[in-house]
Protein chains: 2
Amino acid sequence: MEKNNISYIDLDQAKAFKALETLSPLSLEKLLTTSAIAEKTAASGAGLSYNYAAMPVGEKQLELLEQLTEEMQLIGKFRLLAAGGVMNTGEKRKVLHHLCRSELVGKVLDEKGQDIGAFYREQQRRFSDFAGKVHAGEITGSTGKAFTTVLQIGIGGSDLGPRALYLALEGAVEAKMKGLFISNVDPDDAAAVLSGIDPERTLFILVSKSGTTQETLTNRDLVLSWLESKEIPGLKPGKQMVAVTSATSPLAGSDTLLDSFYIDDFIGGRYSSTSAVGGVILSLAFGPEVFDRLLKGAAETDAIALNAPFRENAPLLDAAIGLYLRNILHYPVTAVLPYSQALSRFPAHLQQLDMESNGKRVNRDGKPLGYSTGPVVFGEPGTNGQHSFYQLLHQGTDIIPLQFVGFKKSQRGEDRNDEAGINSQRKLNANLAAQIIAFAKGKEDVNPNKSFPGGRPSSLLVGDRLSPEVLGALLAHFENKVMFQGFLWNINSFDQEGVQLGKILTKKLLSGETEDQELMAFDTLLR
Amino acid sequence: MEKNNISYIDLDQAKAFKALETLSPLSLEKLLTTSAIAEKTAASGAGLSYNYAAMPVGEKQLELLEQLTEEMQLIGKFRLLAAGGVMNTGEKRKVLHHLCRSELVGKVLDEKGQDIGAFYREQQRRFSDFAGKVHAGEITGSTGKAFTTVLQIGIGGSDLGPRALYLALEGAVEAKMKGLFISNVDPDDAAAVLSGIDPERTLFILVSKSGTTQETLTNRDLVLSWLESKEIPGLKPGKQMVAVTSATSPLAGSDTLLDSFYIDDFIGGRYSSTSAVGGVILSLAFGPEVFDRLLKGAAETDAIALNAPFRENAPLLDAAIGLYLRNILHYPVTAVLPYSQALSRFPAHLQQLDMESNGKRVNRDGKPLGYSTGPVVFGEPGTNGQHSFYQLLHQGTDIIPLQFVGFKKSQRGEDRNDEAGINSQRKLNANLAAQIIAFAKGKEDVNPNKSFPGGRPSSLLVGDRLSPEVLGALLAHFENKVMFQGFLWNINSFDQEGVQLGKILTKKLLSGETEDQELMAFDTLLR
């Protein structure tokens, strides 16, 4: 299947890339016109649109970027991925998170001929039923009390994505249960969270695909012994807990747990928010129908990413323009700036999604690359960031491209007009519009300390209101952007070998097997 | 006073800097020896120590960096600043946050001959008394109920530092009141926080030095009208609120409020955590004696920064080595990685502190600079980050220097040994030690995808337990590091003109006075 006329070349071998390198950089201020604002826009799903009028790309750049995406067969590679191609070359795995949302190119079968999409749907049906029974009081804690809180134990992809989505949905819909998270192996994390919960009314979700994640198993044991220490008559710690894991993990099918839900090796941690990893907690906290709406939004974006032509394909444009910023203009950092407090932890999720996927220095065949790959990604919500690090963004010595996200309406609709008849949402968005212009155009001043050089590029993703559908579309927008950029860099965006060495050294140190004198010396400093 | 033998030159005019530029880069792996780990260490306050054995600086670099700090008179400039020199040249202000902690070089008088330190101490005495009366039930809400929650309304420096410290102290000591924060002008921020509080038992702290911050006044009005909307008999919204502001602000001395506490123009927002801006909420939440302990730790670090010789001066070493990374090795980003969940928002505070202070492109006299200044700063707690963006740090195409923070003991002491007798804190710190080694040394593998290039520099700040004193020392360590780096770059680290343009454009847009067509076009997209 991998041979479907798809070929793999490094970015610096692509003709369109070489042509891009010969173009002169353009003046952002000249490019930024009202007609550009009207025209340089493309749809993502659920009514989201991506505006790139404040990006330093003109017609020639766009033509060459389009040629580049064709020359490097980005849509063909996505099609191959969606059809079950082994795109995670390092681990020799399919990459099927899209299949949690929809069958983009039909059924995908595993080696035994089983329908993998049907498996994901079956799991979704199972955890939807489970959530429904918890909400109806048919499934209760082991002492018979209704569950009112759901607490996820997981780290990395089992934490950042689900947590960001949970926080983003809290104001979008009415919650059915309170959601909490424990991730860090630091015992203070668990201690702080556990200090605020009712053991009898809390349902724990243990999330580890491999079933071997050190932090997660340590925190599971910590939680189970904490539950035991409460000495509540009739309370069975295991029966307050469900697992989300792969069917082959040591955690699978445990009789000591209340239930288990399954994922498989074709869904990587940072891409797992729309699988059971995010689905169980979101379905419990907000209801299965809310999670379904999120999947619907994501599926809309996936379909656009796969089918829309370049100028109408927001994730593809975002990926291509990001590549131009990184490999032609050589900007090493991107800031993600959502003007929505509900997205307070969304940048932390994108940081993992982007940096863990594309922070790679060899191509998909293991050959060292002669060009830069994934940038550093960071961000905080606006307007908070304006009163913090924006100083450097405006007047620092480096240019940092910006990715703004905004919504026409607030989530909760609880707002107030001031004496001038202006509400907070309007102020929020006026700030956002003003920042785009300030960054792009700058301002001369006789006092050089008050001058703004401008020429700071930004894009804007804008939606109506941060609903479950819009949130799903936003999530899928970035997943697809990152995937497309991985194709452009000719890397494998779906493994994470870079996390292994630290794990190995930790294990050796804890088991007393290390002979590394410096490792032991640092360890001693910390004891 | 500014003429005390102090002169100002740009970094690239310094002889020692030119000499540094001629040295060949060193191999980190060769530098990292057990004797280096034992020797390359210096004290900050409260028992904190800074270890730089995994930094790419050898004896020659250190000698030249020491010469550089002398040539550029860093200690002399700090002494001048502490003595009341007008070091904020842009705004023509003294810079006196250290004076909230101690009189480093004696009394500082204002233009009327008043003792400024005495004013800060008087304010601390006033809010300590106030907090004591709230805790004793002598000051209550307007309906006579005891205050149990304290909610700060502020943004930027009135939010990030106090919030980071609040979260860091929650596990360090027993709380007397619950603390909450509203910062963003996004109405969803206030709505979410207000939905969980008891209006009669919540004391609001309104924090704005100028008394004119758009977001903060908007949120004040939103909170006051929310309180009114509750129609609780006897409840007087203003009498549930205190202000922290300057004596000349429109908020000062308001009869409609319960009380007011004062700061002045000599304490910048991002340096204000140890003034009333942080002191009121921390004294209410944890008790005045806890805030006092924090000040004590900060004062210890300040004294080391001012008095210790180069090799024994942690903030000075950290600043100088950071400069080497930025201006000799040309690394544009620094990651701050605390292995402590209690410091979950400390990187966000440091992001403001560093990027708003040193994200400047002109020198203190307004002359454009020919070298890089402040880096991008970002970070998340370990071990969480290991399962997220560390992939790029280990195997990405760029080198990102790392600043680790760790503690020998957990804060809460609620831990558990596993079957092998290893507790969570030990696992946490073993991970930290392992990461330092993995980043520095890397590992060859026959599979290039599993190879780690190493050569990734890191430093380690290590303390015993994150107590109030240690937290104060940590805060002051970074404040002094950032100040010293500003001196090295010959910039003014104490203004923030870069935030002004966006404010002006927002105001014009909201008042209908703008004629910028592109600004209006983006605004339309968001309505």
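These legends describe close-up views of a predicted model.

**View 1. Helices α6 and α10 of chain A pack together.** Helix α6(A) covers residues 116-135, and helix α10(A) covers residues 276-286. Angles under 35 degrees count as roughly parallel, so α6(A) is roughly parallel to α10(A). The crossing of the two helices is right-handed.

**View 2. Residues of α6(A) meet residues of α10(A).** From α6(A) come A:Phe127, A:Phe130, A:Ala131, A:Val134 and A:His135. They meet A:Ala276, A:Gly279, A:Val280, A:Ser283 and A:Leu284 of α10(A). By class, this contact has 7 nonpolar and 3 polar residues. No charged residues take part.

**View 3. Six strands of chain A form an open sheet.** Read across the sheet, the order is β1-β2-β11-β10-β8-β9. The pairing is mixed. Strands β1 (41-43) and β9 (376-378) of chain A stand at the edges. Each has a single partner strand, so one side of each is left without a neighbour in the sheet. Direction ignored, neighbouring strands are turned by 20° against each other on average.

**View 4. Strands β8 and β10 of chain A run parallel.** Strand β8(A) spans residues 333-338, and β10(A) spans residues 402-407. The two are joined by 4 bridges. A:Ala335 stands opposite A:Leu402 in β10(A).

**View 5. Helix α13 of chain A packs on the sheet.** Helix α13(A) covers residues 346-358. It touches β8 and β9 of chain A. The direction of α13(A) makes about 170° with that of β9(A).

Notes. Residues numbered from 1 in each chain as written. Chains lettered and ligands numbered in written order. Predicted model: local features only at pLDDT ≥ 70, side-chain atom pairs only at ≥ 80, totals over all residues. Heavy atoms only, no water. Axes fitted to C-alpha atoms, helices over the stretch in contact; angles between N-to-C directions. Parallel < 35°, antiparallel > 145°, perpendicular 65-115°, else oblique. Left-handed = near helix turned anticlockwise from the far one by under 90°. Contact = heavy atoms within 4.5 Å. Nonpolar A, V, L, I, M, F, W, Y, C, P; charged D, E, K, R; others polar. Pairing = 2+ DSSP bridges.
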